[in-house]
Every structure is written in structure tokens, then in C-alpha cells.
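Here's a quick tour of the aromatic rings in this model. Take a look at the structure first, then read on.

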Amino acid sequence: FEPSPQHHYQPGYTMIGGGLISPDSVVIETAKMIPKGVAWVPQAVEKFEPGNNTIYTQDGSAYTYDQLIVSAGVVNNYDAVKGLKEALDDEKCPVGTIYNYNYATKFGHLMKDFKKGKAIFTFPQIPIKLSLIHI
């Protein structure tokens with residue numbers, strides 16, 4: 001179950017931010033990631049019923065299972081810090097992050113254009129994804 005038609009290799013975002021690779025090199029069609037013999041359901045899971053071994057997708061379809069492995073992922077909440085989303089969305093504002101595909105590209109430009117002055121890097125508390133990768 002994966003609603004996105006494209007898979008993003010998120011560890012590659014750090015390399016985009018570092019200017020080592022192009023953004024398109026971390027994107028692949030989701031269908032190409034699904035092994036042969038495995039059915040891809042391009043829907044998001046809306047609800048679990050573990051007692052009935054059933055999941056429901058956003059379109060209302062029900063699927064039963066014998067065993068279920070859940071990988072929910074991480075959602076970045078840039079709105080949790082007042083003004084952060086606006087700063088990240090403003091191409092002229094020198095605020096960046098590597099934890100988003102579009103913002104990693106902006107971060108790469110910021111790093112490339114930085115010549116002198118003070119740069120502040122933050123490191124969020126664990127648990128975070130890619131916690132062992134640093135720029």
C-alpha cells in the first residue's frame with residue numbers, strides 16, 4: 001500500500017543538499033520498486049482492525065492479511081516552528097533543510113553560495129530519520 005506514484009530515496013536528500021547529486025537521481029517510479037509477484041495497491045491505509053486482520057484504504061476498500069508489517073514513515077511538521085515554513089518557502093531567505101526534496105535543493109544553493117559569515121546548524125533530538133547522516 002503506497003499512494004505515491006513516485007518513490008523518493010530520502011537518504012539522497014543529504015547528497016542533494018551537499019551538491020553531490022542531482023535531485024532527479026533520488027526519484028524513481030514506485031511501480032519499479034515493487035518486486036515481481038507482489039501486488040501494489042496505490043492507496044493510503046486509512047484504518048487498521050488488528051482483531052479482524054483487516055486494513056481499510058482511503059477509497060473504502062478492505063484487505064485482509066495473515067501477517068502485517070507497518071512502516072508508517074515520518075512526517076516533517078515545519079508549521080510547528082513559527083515562521084519556518086514561510087522561511088523555507090522563500091527562495092531569498094537563507095533558511096534551509098535537507099529533510100525535504102524541494103528544500104534540499106534550496107539548501108544546496110545556500111551551501112554553494114555561502115562565502116563567509118555565520119552559519120547555524122541544528123541537530124534535532126532523536127528519534128529522527130537519517131540521524132547518522134551529517135553535512
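Is Y63 buried, exposed or partly exposed? Y63 is partly exposed, with a relative accessible area of 28% (buried means under 20%, exposed over 50% and partly exposed in between, using a 1.4 Å probe and protein chains only).

## Ground rules

This is a predicted model, where local features need pLDDT of at least 70, side-chain atom pairs count only at pLDDT 80 or more, and totals for chains, interfaces and linings use all residues. Residues are numbered from 1 along each chain as its sequence is written, and side-chain values use heavy atoms, leaving out hydrogens and water.

## Ring pairs

Rings of Phe, Tyr and Trp (its six-membered ring) pair if their centres lie within 6.5 Å; planes under 30 degrees apart are stacked, over 60 edge-to-face, and the rest tilted. That rule gives four aromatic pairs. One of them is F1 with Y63, edge-to-face at 4.9 Å centre to centre and 75° between the planes. F1 counts as partly exposed, at 42% relative accessibility.

Y78 and Y103 make another edge-to-face pair, with 5.4 Å between centres and 80° between planes. Both Y78 and Y103 are buried.

## The core and a charge

Y78 and Y103 also belong to the largest nonpolar core, together with L88, I98, Y99 and F107 (a core is a set of buried Ala, Val, Leu, Ile, Met, Phe, Trp, Tyr and Cys residues joined through side-chain atoms within 4.5 Å).

Elsewhere, K47 lies over the face of Y56, 5.3 Å from the ring centre (this needs NZ of Lys or CZ of Arg within 6 Å of the ring centre and within 35 degrees of the ring normal).
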